[in-house]
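Thanks, everyone. I'll keep this brief, so please have the viewer open.

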Amino acid sequence: MTGRGGSRGWAAVAVLLVAVLLVVTGCGSTSSPSGPPGLTLAPPTPAGMTELPPQRAPAPEPTEDCDLTASLRPFPTRAEAEAAVADIRARGRLIVGLDVGSNLFSFRDPVTGQITGFDVDLAAEVARDIFGNPNQVEYRILSSADRIAALQKKSVDIVVKTMTITCPRRKLVNFSTVYLYAYQRILAPRSSPIRQSSDLAGRRVCAARGTTSLERLQQISPTPIIVSVVTWADCLVALQQRQVEAVSTDDTILAGLMTQDPYLHIVGPSMNQEPYGIGINLHNTGLVRFVNGTLARIRADGTWNTLYRKWLTLLGPIPPPPAPRYLD
Amino acid sequence: MWTTPGRILAIGFTLAMLGVLTAFATSTTVSNRQDALTTVLDHTEPLSFAAGQIYTKLSVADAAAATAFISGTEPQPVRQRYEQSITDATVAVTQASSGLTDEKMREVLGRINARVAVYTGLIETARTNNRAGNPVGSSYLSEASALMQDNILVDAQRLYEQTAAGVDAETSASTRVPAPVILVVGSTIVFGLFAHRWLARRTRRRVNLGLVAGGLAIAVMVIWVGTAVIISTAGSRQAKDTSAESLRVITNVAITAQQARADETLSLIRRGDEDARKKSYYQRMDTMAEQLDAYLSRKGAVDKDDLANAAQLLAKWRAADERINAYIAVGNYQAATQVALGTGEDDSTPAFDNLERALSDGLKASRTQLRTDIASARRVLSGTTVGGVALSLSAAVAVALGLWPRLNEYR
């Protein structure tokens, strides 16, 4: 450093300084190894999935204020029946409201792109009675919230869409006789210890938004953690991705999910009975009687059994068709 | 000290110092500018381009995945398109990762990289389920698309905007007026003139050859370097205000187009969110129309030819989409899908493909223009460093040589 003066002291200090610097920088580089920074990301979730805050729903009205399952008697004569659907026949096709997100009932077959299912075949039977041809049907895709409005506006003739008959709905639209009883049950992985609704307490359970199934889950005590999604198929995704431990809704819908995943099974006793009916405009009583005539025919001639066997054998042995109840 | 020879000596010394200072100031300023432009060309702009590629290609991949899904058995070109976009995007991630120094942005890129891996997995799950005839495939596709639109593309956009801002900042640094150099050169000239007048009066020789030669050298340098810097600054400004801006607008339009396409095809899967999808589709179409209008009415837009008929393509696409809506309204799903995927004159695909091609050409042209602008801004500066130094120093030497004989007269 200093060539002049020969001051050994300064040289020594300089050497010492350099040494200290070397040690300090050396320590610095070894004490903080610069590895890749840790990164934790939330797992992917079905589009629109949310966890509901814990909240108990009020218990359902104990007394039903209507005769839920009673409908109008079919026409006694063929001529009267034909007169009731004259306008539909003049149009040349039956307009049916349904959705494509309910596997086994109405869904888009990925292979053919056609809409098929139990509800779709049922609508075809109505068309067969009107036109003598089951294919003269036009589908309108409706969301759950739209189906009553569509009937009121008469933009569809009938709604066949796993539609549960309820008293509030009865005030707005007409229903056919019951064509199927569904039961709210639980879908869980085969390896899961969940066997009944009380096992759901404190666990994450999936349900679609705006359904009666979700409300019923909130009535379980102690309450499960409810995760809500857009469609029932999203529940299957959530289940497969281990974001929920079970799904609870009508066994008919659960069966549709179960067919897509052999590791799942439906468990538990029924939590509630859901009568499905075909929705019709409140004032179109002629069509109600006509559709009830079709339902009476398929109960009697074995078509109902054929359809059940075609789509719903997963639900167990074929039950007898729901017996019709008539108001008059 | 304040005898005449002392003053001559002082003047000579000051002038020489000013000459050296001029040489130093011009050379550092010019070479800093060259370095900055080189950094933009070799580092910042490629980084920003890579970020733009990530953003664009991932949008393409998402739209292609949705298109493939609704076509049943995926058509080979669509499948290939998806695969190529994922390849391009991941290669761009690698390129960007080697250029990013900002810790925050590295984290953003890390998230993009991690989520793209998850995304491709979800797409394959959707594809497998679809192939197996399980309707749940559409739920997986929706999940994948939501991950892309709500998380990955948001991060990609942030990364792109940040790196594009980097290009802007570094380019505009080269458009600043070089005040210190002007000051130094100005004072050299003023002092030189003063010295010459003083000397002429004192020595009764009207012209001092050395000082005049020095002055000429400085004048040549000022004209040369000054012109070069002015041209270079104009180039940098053009790069920033025109080319970079064009590139950004076209990139944004291109991405919006892909997202609109994804909305259009995803609405055909019909999960009950069709209304929201339609709304989003029309919003994106309006945004694109606005951006394109603004772009085409700009004076300095780089590539108007390719995009001249973009508005027409947008209108065509919208018309096709209205036909899709009409088919959906009467429940004719297959006809609607046919319009979305068909290659007929009035179907969606040709309109979208042509728009995409036009945008991709525009993107290429804008980028080429940007790089050309920056490269030429750098090129005009080449040689000026050495030239400036040589001229300034020779001015100093000339002054010394001119003053030496005068000084000798007083010995």
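This is a predicted model: local features need pLDDT of at least 70, side-chain atom pairs count only at pLDDT 80 or more; totals for chains, interfaces and linings use all residues.

Start with α1(B), residues 4–70, and α4(B), residues 137–173. Their axes come within 9 Å. They cross at roughly 160°. Angles over 145 degrees count as roughly antiparallel, so α1(B) and α4(B) are roughly antiparallel to each other. The crossing of α1(B) past α4(B) is left-handed. What sits in that contact, by class? We get 21 nonpolar, 10 polar and 3 charged residues.

Next, α3(B) against α4(B). Again, the axes come within 9 Å, and the crossing is roughly 160°. That makes this pair roughly antiparallel. α3(B) passes α4(B) in a left-handed crossing. The contact of α3(B) with α4(B) holds 18 nonpolar, 6 polar and 5 charged residues.

Now α6(B), residues 209–267.

Last, the contact between the chains. Chain B gives 30 residues and chain A gives 28. Which helices of chain B supply at least two residues each? Among them are α3 (103–131), α4 and α10 (333–341). So much for location; now composition. The side of chain B that touches chain A has 10 nonpolar, 13 polar and 7 charged residues.

That's my tour. Questions, please.

Key: Residues are numbered from 1 along each chain as its sequence is written. Chains are lettered from A and ligands numbered from 1 in the order in which they are written. Axes are lines fitted to C-alpha atoms, for helices over the stretch in contact, and angles run from 0 to 180 degrees between N-to-C directions. Helices (H or I, at least four residues) and strands (E, at least two) are DSSP runs, numbered from the N terminus. Angles under 35 degrees count as roughly parallel, over 145 as roughly antiparallel, 65 to 115 as roughly perpendicular and the rest as oblique. A crossing is left-handed if the near helix is turned anticlockwise from the far one by less than a right angle, and right-handed if clockwise. Ala, Val, Leu, Ile, Met, Phe, Trp, Tyr, Cys and Pro count as nonpolar, Asp, Glu, Lys and Arg as charged, and the others, Gly among them, as polar. Two residues are in contact if their C-beta atoms, placed from the backbone, lie within 7 Å. The expected span of a helix is 1.5 Å times one less than its number of residues.
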